[in-house]
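Please read it beside the sequence and the coordinates.

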Amino acid sequence: MKVEHASVMLDRCIALLSPAIEKSSNPIVVDATLGLGGHSFALLEKFPNLKIIGLDRDLSAIEKSSARLAKFSDRTTIVHAVYDEMPAVLKSLGIANVQGILFDLGVSSMQLDQVARGFSYSNDAPLDMRMDQSRGVSAKEVIDSYSRNDLIRIIREYGEERFATRIVDNLIAAREKGGINSTTELADLVKNSIPAPARRVGGNPAKRTFQALRIEVNQELEILQRAIPRAMDCLSVGGRMVVMSFQSLEDKIVKKFFTAATESKTPVGLPVEIEALAAKFKLVFSGSEKASEQEIEENSRAQSVRLRAIERVAI
Ligand SMILES: C[S@@+](CC[C@H](N)C(=O)[O-])C[C@H]1O[C@@H](n2cnc3c(N)ncnc32)[C@H](O)[C@@H]1O
């Protein structure tokens, strides 16, 4: 059975956060990517003393999750914020640290389903792709105003697209003839830029360019770079953070910070660990976990997930 809007690796996220929640009599979890509130709902149901601080940069996610979590409104604080603002949000709420943090990165299936948002290459819509439609620059503005070199870099790096130069040259040519104005026009241009043999493998050829533009429009990687270390600083001792990434560039960033934070800074060769230089975090398990075959069958979004978890062990 296919499940719409199912929360990815829900049971695993709860199992990983549970030991940290159970250690406190007044536990708080930050759901940094509230979305439709699926993970938060399950956590609030399981732990009657748990408070959730839910963040999302998308006002329509805030509206929908507020309705979904209404029965827990006395234990839920929902804030329209970008997740690298987490320390400031917690400070404004008078919270010094939290027991759990969850990041379920990327776009939600709700955002993909809202055709007018322009995230999907399968439906005709204006080229917007902003998760926060109250501010920022749209995909159309990126395509219309960025230099050739910047567009090539973005599509090559963020989309891991080997035909980036051809795509951008066609985009620049289209710009001179009135521009690209819709998702369908962009999807067609990408398809026509890719040599026929390459078009036949790896799914819709527009997928990589759409991913690249979405990452740029929402500054996803820069924000994640700031957000992960800031969020780790918000954890109490014994607190845990779980991060689910859906593409390799995100997972690389998470892995980099987790690896650095779990290594001792005591110089190699010293016979004893210097306490002040000992690692303040430990990995809950090594490497990353994937969703089960069964979950992937039921929810295609789970296909690319890589889950990592870290625990704070010292101040
Ligand atoms: C995959 S969904 C989360 C789904 C949620 N876990 C659930 O079970 O319903 C990701 C959400 O994160 C939000 N988001 C993405 N980047 C963000 C950022 N930098 N700051 C805050 N929210 C962000 C998106 O708007 C989206 O609603």
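1. Basis. This is a predicted model, in which local features need pLDDT of at least 70, side-chain atom pairs count only at pLDDT 80 or more, and totals for chains, interfaces and linings use all residues. Residues are numbered from 1 along each chain as its sequence is written, and side-chain values use heavy atoms, with hydrogens and water left out.

2. A ligand nitrogen is 2.8 Å from an N or O atom in the side chain of Asp104. A ligand oxygen is 2.8 Å from a side-chain N or O atom of Gln111. On its own the ligand has 600 Å² of accessible area, and the protein covers 97% of that. Areas come from the Shrake-Rupley method with a 1.4 Å probe; for residues, only the protein chains shown count as cover.

3. Asp104 again. Its side chain also meets that of Arg301 in a salt bridge (3.4 Å, N to O). The term means a side-chain nitrogen of Lys or Arg within 4 Å of a carboxyl oxygen of Asp or Glu. Asp104 sits in strand β4 (residues 98-104) and Arg301 in the loop between α14 and β7 (306-312), 197 residues apart. Helices (H or I, at least four residues) and strands (E, at least two) are DSSP runs, numbered from the N terminus. Asp104 is buried, at 13% relative accessible area. Buried means under 20%, exposed over 50%, and partly exposed in between (1.4 Å probe, protein chains only).

4. Other salt bridges. The whole structure has 15. Glu289 and Arg12 pair at 2.6 Å, N to O. Glu289 lies in the loop between β6 and α14 (293-298) and Arg12 in helix α1 (residues 10-22), so the pair ties together parts that are 277 residues apart in sequence. Arg12 is partly exposed, at 31%. Lys140 and Asp144 form another salt bridge, with the closest N and O atoms 2.7 Å apart. These two are four residues apart in helix α6 (residues 139-145), so about one helical turn separates them. Lys23, Arg240 and Glu311 are linked in a network of salt bridges.

5. Surface patch. Leu270, Ile274 and Leu277 make a nonpolar patch of about 210 Å². Patches take residues with over 30% relative accessible area and no salt bridge; like charges are joined within 9 Å, nonpolar side chains (Val, Leu, Ile, Met, Phe, Trp, Tyr) within 5 Å. Leu270 is in the loop between α13 (248-261) and β6 (281-283). Leu270 is partly exposed, at 41%.

Methods:
A polar contact is a pair of N or O atoms within 3.5 Å; within protein, one must be able to donate a hydrogen and the other to accept it, and residues adjacent in sequence count only if both atoms are side-chain atoms.
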